[in-house]
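Hello,

Here is the structure we talked about handing over. My notes follow below it.

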Amino acid sequence: MFKYESDSRKVTKGQTFVALKGMTVDGHDYINNAIENGASAIICEKDIDVNVPYTKVDNTDTYLRKILNDEYGKDIDKMTLIGVTGTNGKTTSCYLIYQMLNNLGIDTAYIGTLGYYHKDDFVELNNTTPDVLTIYKLLYKAYESGAKSVVMEVSSQALSYDRLTNINYSIIGFTNLTEDHLDYHKTMENYLKAKLLILDHLKGDAKIIVNSDDKVHNKFKKEGHKFITFGFKGDYKINSFDTDATETKLNFSYDNKEYDVIVPLTSKFNVYNYLTMLSIVNQYGFDIDDIIKETANLKAPKGRCETYKVNGGFAIVDYAHTPDAVEKVITAYNELKKGKIITIIGCGGDRDPKKRPIMGKIATDLSDYVIFSNDNPRTEDPENIMKDILNGVTKNNYEVILDRKEAIKHGTDIMKPNDILLILGKGHENYQIIGKTKIHLDDAEEVLKYKK
């Protein structure tokens, strides 16, 4: 049993409850709830009248970070930690690394947008990179369960909020930097600075592996660490690729040797995701030929270019929710299409409104037809979100159907043979957030209703 807990609802008998002061919630208000749920000790910042022992400290957050490292850091350090950061591609790259290392015999866990995966164990997570206590709990859980490695998605917010205190990586990867999260970071410069904080979390012999085709890749160099690149001009050099709706034939070279591989993923951006995986696993210590042999067994993560045959064409469910990701996905399928591209897309509420008109323009400029719909409106009026999106639209090749289920049904109804229906924005998510309520909605489930 993990000793510490900061959520009174999750406390079990014998745990120590740490009363953290959050931005909107103060854990001190829930001390009695924690005791009722079985807390045997309390860490807090003030004197309290309770019937269990308590320790008063100046700052519970600082105390927690230190004690987590003191009690669990040595065991966690025995594992090889791999961290991947970047705007797009983190989930697919990490999921591919997770699969490949396990296929090659390294017991590996995954922590990221999809949740926590290790062997048959799964834990749903609310954030790409969770809070510091949850990270330590999951890393120690992986260690106790026999994991030798853990691959983690590392978000800019996690780095900004210092959720990775004393967590250090043996290998880090950088995928790309494009516009996202500017409601939080405000500027691209701040966004980059947040990403670069990952360089403070390197072990002494850590390797840095980056996408050389991204213009900021050289910013990730750090003295004393091996710096490795992949891309059209990288150490792992893309020579050519040919893609269809289900796979990609890739030719690349490394260290003066050329390789051919059939990757069971489609599009140019998945070539980058595959090379992120291959370069990291190769630098981990595995031969490229062995990696290529296992490539046929790889699967895309849920909601990343999930492909279904529908009405003589294909329906694609993908998580693309940034301007760059949306542009790359639609462009990729334009190169494959034999019919029309129909795109279903929206923008989240209570999040970066600046990207809405950009995404509206990209969708209508690059698609033959667009259905704009809800994508987690949260506490915003969906009509206002839609106005922001339509402010960027200059073509008349769209309609608005706010009900996402109806939008997907209509999208499949108007498909003709050889058309491609792109359902973008939610990917693996199986819910819609309207107001503050989560309602079950899974894009893939909806597509399967109309699969013929």
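Phe122 is partly exposed, at 43% relative accessible area (buried is under 20%, exposed over 50%, partly exposed in between; 1.4 Å probe, protein chains only). Tyr117 is also partly exposed, at 25%. The two rings form a tilted aromatic pair, 5.0 Å centre to centre with 45 degrees between the planes. The cut-offs: rings of Phe, Tyr and Trp (its six-membered ring) pair if their centres lie within 6.5 Å, and planes under 30 degrees apart count as stacked, over 60 as edge-to-face and the rest as tilted. Tyr117 and Phe122 belong to one aromatic cluster with Tyr95, Tyr98 and Tyr110. The structure holds 17 aromatic pairs.

On provenance: this is a predicted model, where local features need pLDDT of at least 70, side-chain atom pairs count only at pLDDT 80 or more, and totals for chains, interfaces and linings use all residues. Residues are numbered from 1 along each chain as its sequence is written, and side-chain values use heavy atoms, with hydrogens and water left out.

One ring carries a charge. The charged end of Lys438 sits over the ring of Tyr431, 4.2 Å from its centre (NZ of Lys or CZ of Arg within 6 Å of the ring centre and within 35 degrees of the ring normal).

Next, the cysteines. The whole structure has zero disulfides (a disulfide is a pair of cysteine sulfur atoms within 2.5 Å). Cys94 is buried, at 0% relative accessibility. Cys305 is buried as well, at 9%.

Then Ser267. It lies in the loop between β15 (257-263) and α8 (268-284). Helices (H or I, at least four residues) and strands (E, at least two) are DSSP runs, numbered from the N terminus. Ser267 is buried, with a relative accessible area of 1%. Beyond its neighbours within four places in sequence, Ser267 contacts Thr243, Thr248 and Ala332 (contact means heavy atoms within 4.5 Å).

Last, a helix pair. α11 (residues 355-366) and α12 (residues 382-390) pack at about 60 degrees, axes 6 Å apart. Axes are lines fitted to C-alpha atoms, for helices over the stretch in contact, and angles run from 0 to 180 degrees between N-to-C directions. The two helices, α11 and α12, are therefore oblique (under 35 degrees is roughly parallel, over 145 roughly antiparallel, 65 to 115 roughly perpendicular, the rest oblique). Arg356, Pro357 and Gly360 in α11 meet Ile385, Asp388 and Ile389 in α12.

Best wishes
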